[in-house]
Amino acid sequence: MRYDAEKAKKFTADPAANPAASQEKHTISGTISSSKTGETLIAATIRVSGSKLATMSNEYGFYSLSIPKGNYSLEFSAIGSGTLKKTVELNKPTTLNIALDDDANELETVTISAATAKRNIDNPQMGMERLNISETKNIPVVLGERDVIKTLQLLPGVKSSGDGTGGLFVRGGSADQNMILLDEAPVYNASHLLGFFSTFNSDAIKNVTLYKSGMPAQYGGGLSSVMDVRMNDGNNQKFGVSGGVGLIAARLNVEGPIQKDKSSFLISARRTYLDAFLKLSSDSTVKNSQLYFYDINAKANYILGDKDRLFVSAYLGRDVLGADKLAGIDWGNITSTVRWNHIFNSKLFSNTSLIFSNYDYKIKVDQDESSLSLFSQIKDWNFKQDLQWYVNDKNTLSFGLNAIYHTIKPGEVRAEGNSGMVSQDLQNRYSLENAIYASNTWKVNDAISLTYGLRLSAFSILGKGDYYTINDAGAVTGQTSYKKGEVVKTYFNLEPRIAAAFQLTESTAIKASYVRNAQNLHLISNSNASSPTDRWVASTNIIKPETSDQVSLGYYKNLSENAYELTVEAYYKDLKNQVDYRNGADIYTNKPIETQLLFGKGRAYGIEWLFKKKTGKFTGWVAYTLSKSERLVNGINNNEWYNTRQDKTHDISIVTMYQLSKKWSVSANWVFATGNAVTFPNAKYTLLGESYYYYSNRNADRMPAYHRLDIGATRILKKRKNFSSELNFSLFNAYGRANAYRIKFREKENDATKTEAVKTTLFRFVPSVSYDFKF
């Protein structure tokens, strides 16, 4: 039986032809998944043909749509899948699970056609970028390793700190103001090899969503952005193996059904083998050194019945850098999540999660007769309860609660021998972070949609420990001791948010939003790029929660039947309780960290343009950001506004991909950015035979402008039903731009009265090749 377009039109018109029947509404609900793998599909679109009635699947593929009784033609589509049309006779609450296919085949009563990914202009959500992993495949990156963070850095409003670094600076915020989640678990250091790679192995990732503004109310803890990374569930249809071998790393991914159609597993592993090249050195110190990272992703899920599904996922990653037996540093993350999905009825969906997260680093230095080691850790236990209530065809209500118990070990120092150091433990810090939230998405009419909500967070500082009072000079003036479990102080923050979409035409919309966020964990760092030895500290009686209020206004246009997309967003962000250092601060002191800090306010504002071509042999985008980010802190820069280190006036990315033939595709990206704000010395003076540099205004200087061109090519070697393979070639920094990674000032070797600036450059002309396979 074939799909009949005329019959579908008749079905669509039925409710309107019978107004009495249309008063009676029923709900159709179910799960959207891939027919090939059984993976649930996030943000799949469900639309009533010939009308504006539509909804989207949530993070677990569940959807619900309440419409009048009648006969309908429904369209189901998702990025990377076809559009499936299905006729439905709706006269009672109906469950309809849909499996979407990639191939343009005709099935019984079903038509599949090519789907184009388009920005949902009638959705009030602003500042959101949803990244399908397939979009990262052809983008050339350093040393050939696909990386979702490097791809996000090519989007407007998202900046990097320089060559190879893994940090994200979103809309003028610092690196610690991004809440990065892997299957709902916080990841406190999302980088490998000092930032050259991210912790996210693309083989194990299904979807990445970045919120730059208007964060949904279920998210909290980050002022600038939320990066929500979801792992693949595993193929519940058949076993499969995929992987790749590159210049510095190898990957292997294994997945398959535990019980077909009911359960599946995924194990994905990656390891570098840079240490193997060190063995070739004739220098014994280099030969016996360590330089590698590894990560392992694992996941299993079980369909327990028509209304219940259980997910268990875990991540383990570690970096090891060591110089023979002299010194070493290793750091890494462990996360684990257990989630239970339950469908109470066709309108009420529940997700319950128990989450564990751990980040730590260890530093060890060995000398002839002494040794010194340092250990630091942040560990969370986290419980979440989220519910979605599809009230009717115009309202969707989300509400829930979250409780996190934080344990932070700022530092444990162990000294042996005659190092001159004394073993000591900085006090552990304990805290409980609770939140409740509720938000509603309301489709007012065909032209106007609203999302409004409120999050109430409470951060309780807990004993055991000593807490201090300090004076304006940073000296300790008092101390109070608290017993284990005793509440030191509780901070409450109301975090309202509202967003509106005004659809001017079917292809044009204007959106506006306001959001307040609060953050209680702070990263104490003395460099622009994130380092594994940066210290996390929680809010104390002195360090208050950071807050931000952001307003945004945007214009959205889909062009030429959705082949092109134009987005323009402007924003202004007001920040309170921002943390910075006193002049001459030492963050590794054994004094209370509050003695090294100052607090003030900030502002960030800018405008972002994104123009995309999404169909045809030639695709890509152009992104441009014009922005400013500043702080005002009494005691810094003569109490005047100064640039943040991440301030960059101009940021441009041009990304292009071209399909030459069935077997060959090529790509290129060019980036340009204003240099980072830095503080260079203004003068030099000599005292008792020693030279000292004098610094005046904070971050008043600039690194040189940054730009580079990367090119890449992919050659499909084989593509069969049960096996495929390809070669990927790339050249990072193709014209060899000597971008400055660091600039140091030193006395000239032959003339101590003169000073010279020495520039360090990391990458020029970096070629790479990798082989990928799948069977």
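How do the residues of the lining of the largest cavity divide into nonpolar, polar and charged? They divide into 19 nonpolar, 17 polar and eight charged, where Ala, Val, Leu, Ile, Met, Phe, Trp, Tyr, Cys and Pro count as nonpolar, Asp, Glu, Lys and Arg as charged, and the others, Gly among them, as polar. This is a predicted model, in which local features need pLDDT of at least 70, side-chain atom pairs count only at pLDDT 80 or more, and totals for chains, interfaces and linings use all residues. Residues are numbered from 1 along each chain as its sequence is written, and side-chain values use heavy atoms, without hydrogens and water.

A cavity is a set of points on a 1 Å grid over the protein atoms alone where a 1.4 Å probe fits but cannot get out; lining residues have an atom within 4 Å of a point. The structure holds seven cavities of 30 Å³ or more, and the largest has a volume of about 620 Å³, taken as the space filled by probe spheres set on the points, which are joined across faces, edges and corners. Among its 44 lining residues, N178, M179, I180, V187 and Y188 are the closest to its centre. β13 (178–182) gives the most to this lining, with four residues; strands are DSSP runs (E, at least two residues) numbered from the N terminus.

Two strands pair if DSSP finds at least two bridges between them. β1 pairs with β4 (residues 62–68) in the antiparallel sense over seven bridges, with I28 opposite L65. Two bridges join β1 to β7 (residues 94–95) in parallel, and there I28 has T94 as its bridge partner.

Terms used:
On a 1 Å grid over the protein atoms alone, a cavity is a set of points where a 1.4 Å probe fits but cannot get out, and a pocket is an open set with protein on both sides within 12 Å along at least five of seven lines; lining residues have an atom within 4 Å of a point.
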